[in-house]
Amino acid sequence: MNDTMARILRRVEKPARYVDGEWNVIRKDWETADVRMAFCFPDVYEVGMSHLGLQILYHVVNRRRDALMERSFAPWPDMERELRAAGFYLYTLESRRPLKDFDIVAFTLQYELTYTNVLNMLALGGIPPLARERGEDAPLVVAGGPCAFNPEPLADFIDCFVLGEGEEVVHEILDLYLTGRQKGWGKARVLLELARRVPGVYVPGLYRVEYGPDGGVVAVRPLAPGVPERVVRRVLPDLDAAPYPLKPLVPNLTPVHDRIMLEIFRGCGRGCRFCQAGFTYRPVREKNLARLVAQAEALVRQTGHEEISLTSLSSADYSHIVPLVSELGARYGPARINVSLPSLRVDSFSVDLARAAQGVRRTTLTFAPEAGTQRLRDTINKGVTEEDLIAAVDAAFAAGWTAVKLYFMIGLPTETTEDLDGIVDLTRTVLERGRRAGVPPARLRVTVSVSSFVPKPHTPFQWEPQEPLEVLREKQDYLRRRLRDRRIEFHWHDAEMSFLEAVLARGDRRLGRVIYSAWRAGCRFDGWQEHFRPDLWRRAFAEAGLSPERYAHRRYAHGDVLPWDHLDTGVSRRYLEREHARALAGRTTPDCRFEDCTGCGLCPALGLRVALAEGARASGGEGRHAPARTGPGRRYRLRLTKTGPAAYLGHLDFARVVAQAARRAGLPLAYSHGFNPRPRLAFAAPLAVGVTSEAEYCDLELEEPVPPGSLAASLNANLPEGITVTAAGVVPGNRPSLMSQADRALYRATPPGSVAWPPEALEAAVRNLLAAEEVKVVRAGKKGPREVNLRPRIFELSVGHAGGPPALLMVLGVGELGAVRPEEVLEALGRGAGLDLDPPAWDLHRAEVYDRRGQPLMAGAAGVTSF
């Protein structure tokens with residue numbers, strides 16, 4: 001192969017795409033690896049090597065002694081012709097072995113218009129594209145990435161999909177694959193066990209899709225016992241503990257993004273209603289500041305890059321962005337290593353931040369108002385005002401920038417001509433601000449880029465149609481005419497490409513025939529303008545007897561079954577419906593990091609929480625979104641009652657009331673960083689509505705020290721009826737978070753006064769329950785009812801007699817390791833004793849919350865003052 005390949009490489013464009021030899025490349029012994037995996041990126045090398053996920057998984061898999069991972073990228077058409085002419089298979093860069101020789105071939109699906117490249121890579125690699133045509137000797141074909149949240153159009157070609165983040169699940173897949181090999185399982189058994197045993201793995205061949213008379217999906221049902229009805233995505237709870245490549249591959253061929261990728265956090269709480277990533281990467285999980293600085297040092301040392309890109313969905317929202325940028329600038333500025341923020345907020349703070357970060361070299365500032373009017377920005381929940389944009393561009397021009405880029409979207413739900421005129425008006429206002437700032441006319445530039453709205457699954461706009469192709473083109477023409485000015489560069493995305501993207505994003509399994517036909521007709525690199533063939537795609541739809549307009553332009557009702565409803569991001573459908581309704585009403589929803597929880601359902605559903613970074617606070621920059629900080633706050637712990645009318649407050653309302661009381665009391669609250677700072681309060685073990693308590697715990701931070709007694713007195717003077725601080729103390733700085741400490745709680749359950757059960761019967765029921773190895777109850781869940789064993793989290797249970805009717809005393813689990821509700825214990829007791837205890841009728845009261853050592857949470861504070 002070598003001599004022939006050398007000749008081929010001399011004939012193709014950018015031959016470095018097809019060889020390895022990069023710094024930090026890993027070549028492992030093929031013969032000693034128990035399982036061999038190929039990472040396939042269905043686009044060219046320059047794009048794929050800019051993908052952080054590739055670097056992470058390459059690092060994760062190759063750390064294993066029993067596994068190897070190698071890379072393959074989509075060959076450009078010239079290379080494809082050469083491979084076919086020479087009779088060569090598509091191969092991996094490290095060993096030049098064909099894809100068909102690997103045990104597992106894994107694709108990342110970053111963009112719908114790469115689907116034909118997936119089929120092409122399989123075929124070129126010696127693997128039949130259709131899953132049903134692959135035999136036992138063919139590799140297991142896996143796919144993940146953003147498009148896996150509706151993978152139905154690729155169901156005919158992929159053996160299994162991975163939903164969510166891959167750092168942990170890749171190990172589980174490899175381990176199960178090796179187990180199957182040892183036990184002699186065939187591929188069908190491996191896939192069945194993956195579906196049953198590995199959360200986040202979706203095997204489309206194990207589900208049947210049912211269609212209604214109108215051609216729409218009416219149900220997706222599992223075909224085998226143990227296969228989940230809904231597949232829930234995988235989420236890493238702690239990025240600090242996650243593996244991260246400190247010796248990343250350094251491409252020899254210049255990639256699209258030639259820089260260190262320092263991931264500072266995942267997720268976004270802003271909730272832009274068109275943005276799939278904002279919902280499928282929730283919740284926000286930040287890395288520790290010190291860890292980031294250490295990782296940057298290692299990455300600078302290991303790569304030689306001249307730019308550190310602070311990677312995230314919205315980098316300026318990182319809690320400690322100012323000290324991070326300052327530290328990195330001070331360390332690496334003298335070495336001419338730049339710090340960049342690829343995603344800036346539309347405000348003057350971001351400009352100041354960019355100015356501080358780009359001390360070595362400046363890049364063009366890019367802002368994304370997304371819509372031209374405030375009405376439409378509120379509809380999409382962008383959280384940006386015209387004043388924010390003007391302040392940002394004023395700061396940019398004052399700081400020496402002479403050009404800015406503005407990103408907008410057209411075709412958004414409820415858009416009118418007035419919104420298009422708003423794009424024009426905003427652009428001309430930016431030009432005028434530049435002129436007033438004294439930018440030389442020859443250098444003043446505003447670039448306007450416009451894309452077309454594509455409704456994506458798992459967003460509040462998933463029910464909305466895309467506007468017809470002719471309407472999108474008319475809007476593009478309208479803006480092009482209105483923005484004619486030598487100082488304005490106007491760019492737009494091909495509307496027909498956006499149309500196909502919408503079709504594939506909202507598609508069902510029947511589109512597999514279309515994709516296959518389009519690939520056979522020659523469609524490749526559909527996301528590249530020079531290779532996009534809409535005529536071939538139209539022909540493929542006609543051959544399949546399907547209308548692409550039906551997919552792109554259909555308006556779904558909230559009650560309709562969507563092709564992707566059996567795939568669960570953790571964000572509840574009810575929340576998306578509510579957000580959709582709020583959008584149509586022009587109502588915004590706050591950022592869940594800094595406001596009260598917005599109720600998307602993800603954190604309780606997946607057992608997660610928003611995780612903001614710990615670390616020293618800094619000034620936070622200037623501007624209304626970054627108030628000055630006086631230094632690290634002091635953390636106080638409060639023990640409060642929740643009785644009387646307050647017992648009927650939900651957890652979020654209870655937290656808000658306490659925060660309001662603190663502000664009324666004039667306490668020097670410490671606030672979070674970011675766009676919308678909020679008081680730094682944390683609560684332990686949320687209590688069900690209607691349950692009274694004398695042990696609600698809250699940690700709050702103050703900028704200035706206050707004696708605990710004064711703090712409690714100030715709060716009690718401002719708290720509403722039923723809420724009283726009964727103890728306050730100072731939490732030492734090295735204590736873990738309050739939520740992580742809460743492990744169990746003491747409850748008193750009192751039966752209704754009109755009914756009395758014999759104490760002997762209750763005591764016998766308690767003895768029987770405690771003697772049981774399992775105490776099962778049925779809980780309702782998104783995937784339907786499920787049995788849960790309560791026994792490991794029932795620590796104590798007894799019948800108390802305090803001069804009245806017998807009461808049950810329970811010490812039950814709360815917190816991260818699993819919670820048990822008192823009413824569930826009552827239900828189990830009644831069932832076991834044959835008694836109708838009527839749990840909802842009992843008075844439930846929480847008397848204390850303990851840590852894992854059985855100590856009250858207040859024991860974690862010093863200088864406690866009790867009342």
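## Phe107 and the nonpolar cores

Setting aside residues up to four places away in sequence, Phe107 touches Cys40, Val118, Met121, Leu122, Val141, Val142, Ala143 and Gly144. The model described here is a predicted one. Within it, the largest nonpolar core comprises 182 residues, and Phe107 is listed with Leu194, Leu310, Ile321 and Leu324 as having the most contacts inside that core.

## The six-stranded sheet

An open sheet is formed by six strands in the order β2-β1-β3-β4-β5-β6, and its pairing is mixed. The edge positions are taken by β2 (67-73) and β6 (201-202). Each of these has a single partner strand, so one side of each is left without a neighbour in the sheet.

Inside this order, strand β3 (residues 104-108) and strand β4 (residues 140-144) pair in the parallel sense, over five bridges. Thr108 has Gly144 of β4 as its bridge partner. Gly144 is also one of the residues touched by Phe107.

Helix α3 (residues 52-62) lies across β1 (35-41) and β2, and runs at about 155° to β2. Helix α6 (residues 166-183) packs on the sheet and touches β1, β2, β3, β4, β5 (160-162) and β6. The direction of α6 makes about 135° with that of β1.

## The four-stranded sheet

A further open sheet has four strands in the order β15-β16-β17-β18, with parallel pairing. Here β15 (365-370) and β18 (488-492) stand at the edges. Because each has a single partner strand, one side of β15 and one side of β18 are left without a neighbour in the sheet. From one strand to the next, the twist averages 20°.

Eight bridges join strand β16 (residues 403-410) to strand β17 (residues 445-452), in the parallel sense. Phe408 stands opposite Val450 in β17.

Helix α13 lies across β15 and β16, running at about 170° to β15. Helix α15 (residues 469-482) packs on the sheet as well, where it touches β16, β17 and β18. The direction of α15 makes about 175° with that of β18.

## Packing of α13 against α14

Two packed helices are described by the angle between their axes and the distance between the axes. For helix α13 (residues 386-398) and helix α14 (residues 417-436), the axes come within 9 Å and cross at roughly 35°. The crossing of α13 past α14 is right-handed.

On the α13 side, the contact is made by Glu386, Leu389, Ile390, Val393, Asp394 and Phe397. On the α14 side, Leu426, Thr429, Val430, Arg433 and Gly434 take part.

Leu576 is found in helix α20 (residues 573-584). Its relative accessibility is 4%, and Leu576 therefore counts as buried, the cut-off being under 20%.

Leaving aside neighbours within four places in sequence, Leu576 is in contact with Phe279, His458, Thr459, Pro460, Gln462, Trp463 and Val571. Met261 is 315 residues from Leu576 along the chain, and the C-alpha atoms of these two residues are separated by 32 Å.

Definitions and conventions. Residues numbered from 1 in each chain as written. Predicted model: local features only at pLDDT ≥ 70, side-chain atom pairs only at ≥ 80, totals over all residues. Heavy atoms only, no water. Axes fitted to C-alpha atoms, helices over the stretch in contact; angles between N-to-C directions. Helix = DSSP H or I, 4+ residues; strand = E, 2+ residues; numbered from the N terminus. Left-handed = near helix turned anticlockwise from the far one by under 90°. Contact = heavy atoms within 4.5 Å. Pairing = 2+ DSSP bridges. Core = buried A, V, L, I, M, F, W, Y, C linked by side-chain atoms within 4.5 Å. Buried < 20%, exposed > 50% of the residue type's maximum accessible area, 1.4 Å probe, protein only.
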